[in-house]
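Trainee: I have a structure to read today and would like to talk it through. May we begin with its strands?

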Amino acid sequence: MKLFRIVSLLLAASLLFSLCSCLGRAKEEDFDKIYTADPYAYVSTHKGRDKSDYQSSLYNGDKYTIGIHVPVTGSEEADYFLSSLADTAEKDFKNAMASLSRGEDGSKGVLYGDYTLNRTSKYVSVLMTFQTRLPDKDPTTEYYSVFYTLSDGKLMTLGDVFESPYLSPLTDLILSVLNEDKNLSLHMGEDFYSRLSLTDASVASFYMTDKALTLYFNGDTILTDYSAPLTVSFSKDLIIPLLPSGMYERIYEDGAVG
């Protein structure tokens with residue numbers, strides 16, 4: 001009888017251990033599934049790898065899914081701007097979905113918004129990415145940015161950084177990238193150099209790091225009949241000669257701190 005109890009206890013312990021192991025694996029698998037999910041199939045919480053605070057707007061209904069994650073930077077002006085961006089994107093998406101139903105394949109509408117953030121001892125740079133898919137239509141992607149220096153906390157556009165209302169300081173660099181891609185060069189058209197030089201600098205969203213500056217152009221902005229977003233990146237060494245006096249000291253340091 002005593003031997004039977006011992007065997008029973010050993011079997012129970014073995015089953016409990018196996019169950020705990022399975023549960024542990026299930027949690028890990030669920031965790032991986034959440035964070036590697038296709039945003040068009042399932043909207044998860046923000047990865048939070050940059051350890052920033054953020055706010056989310058999440059909704060999963062019969063017709064559409066919304067998942068927007070916006071950072072909380074600590075700057076009143078920046079946070080208001082980012083919150084307004086999210087509110088506008090959500091409002092426009094809901095208005096578009098009001099007269100639509102599920103796609104022929106049963107797919108729902110999806111709005112997904114997330115961010116990349118770089119904070120140094122000199123500035124904060126945020127890139128917002130909004131991906132939208134309406135039923136039976138191709139997905140679209142749009143970029144928006146926020147940049148401010150910690151010395152005064154005021155939001156700066158690309159034009160503010162280069163002290164030019166136009167893209168003229170960056171025209172040669174942008175052209176060097178476009179000319180390397182035969183597909184892109186087909187959309188440049190005649191007199192593209194002059195038109196690009198006089199294009200409002202605010203048409204470009206941008207993301208700054210201690211190593212590079214990346215520009216993001218939404219579709220149908222600088223290229224004719226080119227609806228896809230365009231991304232061009234330039235190393236810090238290429239950017240430095242183009243900065244106005246005092247701007248290097250204002251925004252650059254030896255390395256990022258967070």
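This is a predicted model: local features need pLDDT of at least 70, side-chain atom pairs count only at pLDDT 80 or more; totals for chains, interfaces and linings use all residues.

Trainee: Which way do β4 and β5 run, and how many bridges join them?

Mentor: β4 and β5 run antiparallel, and ten bridges join them. Another of the facing positions is Thr 132, whose bridge partner in β5 is Thr 140.

Trainee: What sits between the two strands of that hairpin?

Mentor: There are six residues between the strands β4 and β5. In this hairpin, Asp 136 takes a positive phi near 65 degrees.

Trainee: In what order do the strands form the sheet?

Mentor: The order is β1-β2-β3-β4-β5, and these five strands form an open sheet with mixed pairing. β1 (53–60) and β5 are the edge strands, since each pairs on one side only. From one strand to the next, the twist averages 10 degrees.

Trainee: Is β5 mostly covered or mostly exposed?

Mentor: β5 is mostly covered, with seven of its ten residues buried.

Trainee: Which helix lies across these strands?

Mentor: Helix α2 (residues 76–97) lies across β1, β2 (64–72), β3 (109–119), β4 and β5. Relative to β2, helix α2 runs at about 175 degrees.

Trainee: Let me change topic to the aromatic rings. How many aromatic pairs are there?

Mentor: The count comes to seven aromatic pairs. In one of them, the rings of Tyr 123 and Phe 147 have centres 5.1 Å apart and planes at 35 degrees, so the pair is tilted.

Trainee: What does the pair of Tyr 123 and Phe 147 tie together?

Mentor: Tyr 123 belongs to strand β4 (residues 123–133) and Phe 147 to strand β5 (residues 140–149), so the pair ties together parts that are 24 residues apart in sequence. Both Tyr 123 and Phe 147 are buried.

Trainee: Why is the pair of Tyr 248 and Tyr 252 called tilted?

Mentor: The ring centres of Tyr 248 and Tyr 252 are 5.3 Å apart and the planes are at 40 degrees, so this pair is tilted. Planes under 30 degrees apart would count as stacked, and those over 60 as edge-to-face.

Trainee: What lies over the face of Tyr 252?

Mentor: Lys 236 does, at 4.8 Å from the ring centre.

Trainee: And which residues do ring pairs link into a cluster?

Mentor: Tyr 59, Tyr 64 and Phe 93 are linked into a cluster by ring pairs.

Trainee: Now the nonpolar core. How many residues has the largest one?

Mentor: The largest nonpolar core has 34 residues, and Ile 174 and Leu 215 have the most contacts inside it. Among the elements that give two or more residues to this core are α4 (171–178), β7 (212–217) and β8 (230–235). α4 gives the most, with four residues.

Trainee: What does Ile 174 touch?

Mentor: Leaving out residues up to four places away in sequence, Ile 174 touches Leu 167, Leu 196, Leu 215, Phe 217, Ile 222 and Phe 234.

Trainee: Which residues does the second core include?

Mentor: The second, separate core has 21 residues, including Ile 68, Val 70, Ala 78 and Leu 85.

How values were computed: Residues are numbered from 1 along each chain as its sequence is written. Side-chain values use heavy atoms; hydrogens and water are left out. A nonpolar core is a set of buried Ala, Val, Leu, Ile, Met, Phe, Trp, Tyr and Cys residues joined through side-chain atoms within 4.5 Å. Buried means under 20% relative accessible area, exposed over 50%, partly exposed in between (1.4 Å probe, protein chains only). Contact means heavy atoms within 4.5 Å. Rings of Phe, Tyr and Trp (its six-membered ring) pair if their centres lie within 6.5 Å; planes under 30 degrees apart count as stacked, over 60 as edge-to-face and the rest as tilted. A charge sits over a ring if NZ of Lys or CZ of Arg is within 6 Å of the ring centre and within 35 degrees of the ring normal. Two strands pair if DSSP finds at least two bridges between them. Axes are lines fitted to C-alpha atoms, for helices over the stretch in contact, and angles run from 0 to 180 degrees between N-to-C directions.
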